[in-house]
Amino acid sequence: MAVVGGGMVGLCVAWFLQERGVGVTVLERDRVTPGPVWGGAGASWGSAGWLTPGLATPLPEPAVLRYGLRMLLRPDSPVYLPPAADPALGRFLAGFVAHSTHDRWRAAMRALSPLTRRSLDTFDDLADGGVAAPTRAAAPFLACYRDQRGADALLAELDDVRACGQPVDAVALDPLTARDLAPLLSDQITHVVQVHGQRYCDPGRFVAALADAVRERGGIIREGVGVDKVIDLGSRVVLALADHTEPPVHFDAVVLATGAWLPRLAARYGVRSTVQAGRGYSFTAAVEKPPTGPIYFPASRVACTPIGDGLRIAGMMEFRRPDAAPDPRRVDAIAAAAGELLRGVDLRSRTLEWVGPRPCTPDGLPLVGPTSSPRVHVAGGHGMWGITLGPITGRLVAEALVDGRTPPELAPFDPLRRPTPYPRPTSWARPAASARRHR
């Protein structure tokens, strides 16, 4: 079986297929990220690395609409919309705005909760199965504000998260207690919420460990191999490769996990939802003493994660083509916002600057499951939560392919966005030995 895309989601699909006895080949058009020295492909490597089921909420929310068009067009805005004529972006934004209501947010959160509740346990399954990359308790995870109103809004949102089925425990802290936990907070921070029970990881190292584990189990990972077209022949699936000097390759089935590029291969199989790149930027800064857990500044959309001896500082939601050149103004804007909120952090000597295209959908829900072809499945559109939800997505996709029925948890994420449950195909997965003969 083939998996197209070697980021967090695609590699988790491959690993859990192997758990079910299926041989896999992963095809990645770029390089599979090997850890801290290379930016790698897609949106995995330079992300904040948060494993935060309590905060994995739908991106379309009423608060986003309060920015207004003028704010969205400012280059230093945490949510940036470049002024350009782009019909696909226009369609995405129209759908995004339509879903940014309280009722639709709650409906989407109720759909996500069965996945978020199982997400951390699935990371433990990967560790137990030999994926040699640690996840760390976020001790503490602090959301920090300049005013009471922001902290109150987060606590109210977490009440809604709990009401929608995802347990989350949070408590307001006084500023002195917060600075004891994280001395690098500046005096501008006057209100802090501590969220319990979350984790974080170095996403580059984690994805590299996943790739190593897939290889060690006999899987093949082909780097620098793009796929131009997916052709369902009825009994097999043919992948036409971008390098036309290579012959097409045949598989029993394929999972498309190509992130912000998902529609290019999936549209011919009925996947019509827009997947828009919401590009995030990050860099690493030297710090006198790294915090013991992530720090979040929601008003500025700035996320800080201790990775190695430094502090990864990430932010921005830039709606632009996934492969557009990085815009250095985005990094400058993140550094300027962080400079007012942190102390003891050297924001002038930045390293490992990165941009990655997070795959966003108009309704804030991923696209996971079979397409109009039972041999072509998709797994993508997780927005900012591909790291948190990658393992549980991989488990459920493998279950759907091997058992021949889609788990009920995936029904809201039907990539065809059909309004009612639909019949499940028979299983197209073959045992590992058979799959290996047909790579």
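Helix H11 lies across strands E14, E20 and E21, running at about 170° to E21, where angles run from 0 to 180 degrees between N-to-C directions and axes are lines fitted to C-alpha atoms, for helices over the stretch in contact. Helices (H or I, at least four residues) and strands (E, at least two) are DSSP runs numbered from the N terminus. This is a predicted model, in which local features need pLDDT of at least 70 and side-chain atom pairs count only at pLDDT 80 or more, while totals for chains, interfaces and linings use all residues. Residues are numbered from 1 along each chain as its sequence is written, and side-chain values use heavy atoms, with hydrogens and water left out.

**The six-stranded sheet**

- An open sheet of six strands has the order E10-E2-E1-E14-E21-E20, with mixed pairing; two strands pair if DSSP finds at least two bridges between them.
- Strand E10 (220-223) and strand E20 (367-370) stand at the edges, each with a single partner strand, so one side of each has no neighbour in the sheet.
- Neighbouring strands of this sheet are turned by 20° against each other on average, direction ignored.
- Strand E2 (residues 25-28) pairs with E10 in the parallel sense over four bridges, and Leu 27 stands opposite Arg 222 in E10.
- Helix H1 packs on this sheet, touching strand E1 (2-4), E2, E10, strand E14 (254-256) and strand E21 (376-380), and its direction makes about 170° with that of E1; contact means heavy atoms within 4.5 Å.

**Packing of H1 with H11**

- Helix H1 (residues 8-19) and helix H11 (residues 386-403) pack at an angle of about 40°, with their axes 7 Å apart.
- That angle makes H1 oblique to H11, since angles under 35 degrees count as roughly parallel, over 145 as roughly antiparallel, 65 to 115 as roughly perpendicular and the rest as oblique.
- Residues of H1 that include Val 13 and Phe 16 meet residues of H11, among them Val 397 and Leu 401.

**The three-stranded sheet**

- A second open sheet, of three strands, has the order E3-E9-E5, with antiparallel pairing.
- Strand E3 (50-51) and strand E5 (136-137) stand at the edges, each with a single partner strand, so one side of each is left without a neighbour in the sheet.
- E5 and strand E9 (residues 199-200) pair in the antiparallel sense over two bridges, and the bridge partner of Arg 136 is Tyr 200 in E9.
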